[in-house]
Amino acid sequence: MWGTGGRTPVSAGQVACAGGRLRGLHRPKIEAAAKVIRGWEPFLVPGLLQTADYIRAVLRGIPGATDTEVDEYLQVRLQRQAIFDRPSPPIFTAVIDEGVLHRPIGGREVMRQQLDRLLLLMEHPKITVQVVPLDAGIATGLLGGFAIATLADAHVWAYLESASSGQVTDRVEEIGAISLRYDTIRAWAHPVHVSRDVIREMQARYDR
């Protein structure tokens with residue numbers, strides 16, 4: 001999701017721009033400054049929890065992406081994950097659609113390793129992952145993923161994904177609407193211990 005070096009705190013003022021909107025370029029800076037990150041992903045494993053092979057498979061799906069570009073983007077994404085290595089990492093609560101687990105990005109072995117990593121990261125005291133079951137039958141979050149980051153100064157930013165780009169906003173009315181959407185989706189999710197069992201079940205399928 002949103003670094004200069006992955007550990008340098010950045011205030012809301014340092015990333016502000018006219019109109020209250022930013023391009024996705026600033027996402028790593030916001031992630032690095034965040035105290036709490038709440039995220040929803042309907043199609044892919046959240047970027048902060050992806051393995052290198054999963055990231056590479058996702059990036060190779062970008063039309064026209066060269067091997068050099070894939071390698072560069074891969075390093076950027078891996079650097080973003082360093083926020084969990086700092087002494088006081090952010091609280092990260094991820095909600096994912098169960099379809100994410102069924103979609104074999106990169107093939108069976110890449111997915112097996114990715115689910116291994118998910119289960120390992122769920123042992124981290126600051127990371128939770130919840131799965132919305134396929135039979136929930138809700139369409140609230142199917143328009144795209146998003147993340148909501150709360151900084152140390154209580155300023156809140158949200159990142160919204162689309163097919164062509166991502167956009168960051170701190171507009172109060174948009175933050176409120178996105179937060180409501182997150183709460184609505186999470187209300188349909190399995191609790192953490194059940195979500196862990198669902199992931200383990202899918203992991204076993206990729207082992208066959």
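**View 1. Strand β4 is largely enclosed by the rest of the structure, because 5 of its 6 residues (127-132) are buried.** Buried means under 20% relative accessible area, exposed means over 50%, and partly exposed lies in between (1.4 Å probe, protein chains only). Helices (H or I, at least four residues) and strands (E, at least two) are DSSP runs, numbered from the N terminus. This is a predicted model, in which local features need pLDDT of at least 70, side-chain atom pairs count only at pLDDT 80 or more, and totals for chains, interfaces and linings use all residues. Residues are numbered from 1 along each chain as its sequence is written, and side-chain values use heavy atoms, with hydrogens and water left out. β3 and β4 pair in the parallel sense over 6 bridges. Two strands pair if DSSP finds at least two bridges between them.

**View 2. V95 sits in strand β3.** Its relative accessible area is 1%, so V95 is buried. V95 stands opposite Q130 in β4. The two are 35 residues apart in sequence, yet their C-alpha atoms are 4.8 Å apart in space. Leaving out residues up to four places away in sequence, V95 touches G39, W40, E41, Q130, V132, Y182, I185, R186 and A189. Contact here means heavy atoms within 4.5 Å.

**View 3. Q81 lies in the loop between α3 (67-80) and β3 (91-97).** Is Q81 buried or exposed? It counts as buried, because its relative accessibility is 10%. A polar atom of the Q81 side chain lies 3.0 Å from the backbone oxygen of G47. The Q81 side chain also reaches the backbone oxygen of Q50, at 2.8 Å. A polar contact is a pair of N or O atoms within 3.5 Å; within protein, one must be able to donate a hydrogen and the other to accept it, and residues adjacent in sequence count only if both atoms are side-chain atoms. Beyond four places in sequence, residues touched by Q81 include L48, L49, I55 and R117.

**View 4. Helix α2 (residues 52-60) has Y54, I55, V58 and L59 as its buried residues.** Seen down the axis of α2, they fall within an arc of 130°, so they line one face of the helix. The arc is that of the directions from the helix axis to the C-beta atoms. The cover over these buried residues includes α3 and α5 (108-121).

**View 5. The largest nonpolar core has 37 residues.** A nonpolar core is a set of buried Ala, Val, Leu, Ile, Met, Phe, Trp, Tyr and Cys residues joined through side-chain atoms within 4.5 Å. L49, L101, V129 and I199 have the most contacts inside this core. α5 gives the most to it, with 6 residues. Apart from it lies another core, of 12 residues, among them V95, F146, A158 and A189.

**View 6. Strands β5 (residues 146-151) and β6 (residues 156-161) pair in the antiparallel sense over 5 bridges.** I148 has A158 in β6 as its bridge partner. The hairpin has 4 residues between the strands, and A154 takes a positive phi near 75° there. β6 also runs antiparallel to β7 (residues 166-169), joined by 4 bridges. L160 stands opposite Q167 in β7.

**View 7. Over residues 1-25, pLDDT stays under 50.** pLDDT is the predictor's confidence in each residue, from 0 to 100. Where it is low, the predicted coordinates should not be read in detail. The protein chain averages a pLDDT of 86, and 86% of the residues score at least 70.
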